[in-house]
Amino acid sequence: MTLLKQVLSDLFKEIGWIVLYGFLAAMTVMTCILVGLSYKHVSGQNSAITRFIANDVSLLQIKSCDINVPSSSMDEPTSAYSEPSQGSTASFMDYFERAFSAEGILGSYVILPFDRDGFNNVIIYFGKYAELTRFNLPAEKSTVIAVSPDMRKMVGQTVSLAAETFSVDAAVPDDMDLYHPYYYAPSDAEELKKTLYIFTDSYMLINRLFPQASGEMLLDHLIAIGATEAELVELRTVLFNSVGVYVGIQSMEAFIASAEAGGTRTHQTYLLFYISASVALIGAMLANMMRSLSFMMPTYSIHHLFGASGKHIFMRMLLFTAGYNILPLCGIALIMSRNMLASPVNIIILVLTVLTVATIISAVKFRQFKICFSQGLRRG
């Protein structure tokens, strides 16, 4: 009981620093979590970018053409896409059926809500886009139905799509993400959970199953792979004549060159700041614990001189350093729980780390205490 009173008295003297470091420790862990998420995000995108560049992907940017728009409608908001006219519908659908086929050059994807059979979303990969994902398509099938890893139990069962029944062929890999140069969803994103995947090279099939996915939503994510100049001219001609839009074309290399420099510098600056702040805080906490123990050396010496054993002094140091980290430990645990990282294993590792650091610091200072105390006795 006397030992605990002494430790509490020692901690009370340092309560201001303990509260401060408790807050700063929580903020440091938050920065570490952000660094980890940032690295995971950048790493996942880098892998996808590599695949896009290796496959000679060109981004197709759909832009509205307001030429020859009647003056009465000039002030009305319009989308970049309008439904194909009746005379051009056949050529529009025939072109996309051919362009999304195995011999075609186009790819796209669409995400739609799909509240059926336990699913939340359906992601449709058209044509060449499927080849850019982490999922290995079987060569013998032109349309493959797959599910997200958390819906693996559905493999081998059937799903109904617009009164048609399809068998679920496989589950996508655990690291299946979704990448487009203007959007990225990592594998653990909510929109990729409880998801049905459709990989197909048939535009007609998707137009029949999901008519809403075959128009503007499809054009928004359009890409071309290995397209020749003649094929791009044909694409532009078909879209302009059928839906009145202009297709801007940008290579993946050009897109990365325009976006990479500023983004890389910003990311490196944040990363350097996070790491520097973490190292500085951890160093300051350790130095302040050492300073506190050094400040209390005279008190320890007096108690030791009046009969307190060496074991008692060491336990007092150890309990002080462990108690010094209680608030920082609670702050760290709170931030981890808010980020769904407070698993039993992580908490055990955190507590063991704190106890190890406390023991090492106490052992170092206790050794210093014994040397100083024996030197003081010899001088006396």
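Author: A residue is called buried when its relative accessible area is under 20%. The model discussed here is predicted.

Reader: Why is G104 called buried?

Author: G104 has a relative accessible area of 12%. The cut-off is under 20%, so G104 counts as buried.

Reader: Where does G104 lie, and which residues does G104 touch?

Author: G104 is in the loop that runs between α3 (89-99) and β2 (106-113). Setting aside residues up to four places away in sequence, G104 touches R98, A99 and K128. The C-alpha atom of G104 is also separated by 9.6 Å from that of E231, although the two are 127 residues apart along the chain.

Reader: Why does V19 count as partly exposed?

Author: The relative accessibility of V19 is 45%. Buried requires under 20% and exposed requires over 50%; V19 falls in between, and therefore counts as partly exposed.

Reader: What makes V19 part of a nonpolar patch on the surface?

Author: Patch members need over 30% relative accessible area, and V19 has 45%. Nonpolar side chains are joined within 5 Å. The patch consists of F12, I15, V19 and L327, and together they have about 380 Å² of accessible area. V19 itself is found in helix α2 (residues 15-54).

Reader: Helix α2 also holds R51. What is the nearest side chain of opposite charge to R51, and how far away is that side chain?

Author: The nearest one is D177, 4.0 Å away. R51 is buried yet has no salt bridge. Leaving aside neighbours within four places in sequence, R51 is in contact with L132, T133, R134 and D177. For contact, the limit is heavy atoms within 4.5 Å.

Reader: How do you know that the span of helix α9 agrees with its number of residues?

Author: Helix α9 (residues 310-324) has 15 residues. The expected span is 1.5 Å times one less than the number of residues, which gives 21 Å for α9. The end C-alpha atoms of α9 are 21 Å apart, so the two values agree.

Reader: Which residues of α9 are buried?

Author: They are I313, R316, M317, L318, F320, T321, G323 and Y324.

Reader: What can be said of the chain as a whole, in helices, strands and buried residues?

Author: The chain has 11 helices and 12 strands. Of its 380 residues, 40% count as buried. The chain exposes about 20300 Å², with 62% of that area supplied by carbon and sulfur atoms. Among contacts with a separation of 6 or more, 75% come from residues 24 or more positions apart.

Terms used: Residues numbered from 1 in each chain as written. Predicted model: local features only at pLDDT ≥ 70, side-chain atom pairs only at ≥ 80, totals over all residues. Heavy atoms only, no water. Patch = residues over 30% accessible without salt bridge, like charges linked within 9 Å, V, L, I, M, F, W, Y side chains within 5 Å. Areas by Shrake-Rupley, 256 points an atom, 1.4 Å probe, with all protein chains shown as cover. Helix = DSSP H or I, 4+ residues; strand = E, 2+ residues; numbered from the N terminus. Buried < 20%, exposed > 50% of the residue type's maximum accessible area, 1.4 Å probe, protein only. Lys, Arg positive; Asp, Glu negative; His and termini not counted.
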